[in-house]
Amino acid sequence: MLLRDEVEMLRRVPIFSRIAPAKLKLLAFTSDRMTYKPGQDLFHQGDVGDAAYVILSGSADIIVSSPAGEIKVADVELNSIVGEIAILCDVSRTATVRATSPLEVLRISKEHFLKLLSDFPEMAVEIMRVLADRLNHTTAELTAARAAKQPQMAQ
């Protein structure tokens with residue numbers, strides 16, 4: 001794939017949509033394009049957060065380990081970004097990301113990702129929106145799961 005094709009793909013990712021094409025070109029040039037087969041992991045829960053990944057094609061599952069085994073908590077699709085939480089919070093990976101189809105990603109190093117955030121505050125705002133949406137979804141699922149476990153109270 002040509003550099004200009006990668007720039008066009010990055011422009012489709014909501015958090016990069018307002019970044020100048022020249023800066024996206026630099027991002028695409030300094031990032032690593034990687035491919036994964038179904039069943040391969042991009043990273044594991046507990047790993048050091050050294051990069052974020054933009055999904056260019058394919059899909060993946062987000063999986064967390066629990067005492068009962070692995071639990072799939074979300075799907076990742078085209079134009080999504082994963083791995084940013086470990087970078088932003090400076091913590092280890094909170095989940096494993098596993099390819100469910102042939103997957104192409106752009107791996108953005110922690111250094112380049114944080115530089116983009118400082119250069120483009122609007123990107124930080126978009127990331128906050130993505131994270132807030134994920135938190136809202138997780139809260140709704142947790143509420144439903146807890147409600148299902150509680151015995152029905154007599155009225």
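**View 1. Ile 55 sits across from Val 105 of β8.** The two strands involved are β3 (residues 51-57) and β8 (residues 103-109), which pair in the antiparallel sense over 6 bridges. Pairing here asks for at least two DSSP bridges between two strands; helices (H or I, at least four residues) and strands (E, at least two) are DSSP runs, numbered from the N terminus. Helix α4 (residues 110-119) packs on the sheet and touches β3, β6 and β8, with its direction at about 70° to that of β8. Contact means heavy atoms within 4.5 Å, and axes are lines fitted to C-alpha atoms, for helices over the stretch in contact, with angles from 0 to 180 degrees between N-to-C directions.

A word on ground rules: this is a predicted model, where local features need pLDDT of at least 70 and side-chain atom pairs count only at pLDDT 80 or more, while totals for chains, interfaces and linings use all residues. Residues are numbered from 1 along each chain as its sequence is written, and side-chain values use heavy atoms, with hydrogens and water left out.

**View 2. The open sheet of 4 strands runs in the order β1-β8-β3-β6.** Its pairing is antiparallel. Which strands stand at the edges? They are β1 (32-36) and β6 (81-82); each has a single partner strand, so one side of each lacks a neighbour in the sheet.

**View 3. β4 and β5 are joined by a hairpin through 2 residues.** Strand β4 (residues 60-66) and strand β5 (residues 69-76) run antiparallel, with 7 bridges between them. Look for Ile 63, which stands opposite Lys 72 in β5.

**View 4. Here is the aromatic pair, and the count comes to 1.** The ring centres of Phe 43 and Tyr 53 are 5.6 Å apart and the planes make 35°, so this pair is tilted. For the rule itself, rings of Phe, Tyr and Trp (its six-membered ring) pair if their centres lie within 6.5 Å; planes under 30 degrees apart are stacked, over 60 edge-to-face, and the rest tilted. Phe 43 belongs to strand β2 (residues 41-43) and Tyr 53 to strand β3, 10 residues apart. Are these two buried or exposed? Phe 43 is buried at 6% relative accessible area, and Tyr 53 is buried at 4%. Buried means under 20% relative accessible area, exposed over 50%, and partly exposed in between (1.4 Å probe, protein chains only). Arg 93 lies over the face of Phe 43, 3.9 Å from the ring centre; a charge sits over a ring if NZ of Lys or CZ of Arg is within 6 Å of the ring centre and within 35 degrees of the ring normal.

**View 5. Leu 88 lies in helix α3 (residues 84-89).** With 36% relative accessibility, Leu 88 is partly exposed. Setting aside neighbours within four places in sequence, Leu 88 is in contact with Phe 113, Leu 117, Ile 127 and Leu 131. Gly 49 is 39 residues from Leu 88 in sequence, and their C-alpha atoms are 9.0 Å apart.

**View 6. Zooming back out, the chain has 5 helices and 8 strands.** Along the sequence they follow the pattern α-α-β-β-β-β-β-β-α-β-β-α-α. The C-alpha trace spans about 65 × 35 × 25 Å along its principal axes, and 33% of the 155 residues are buried.
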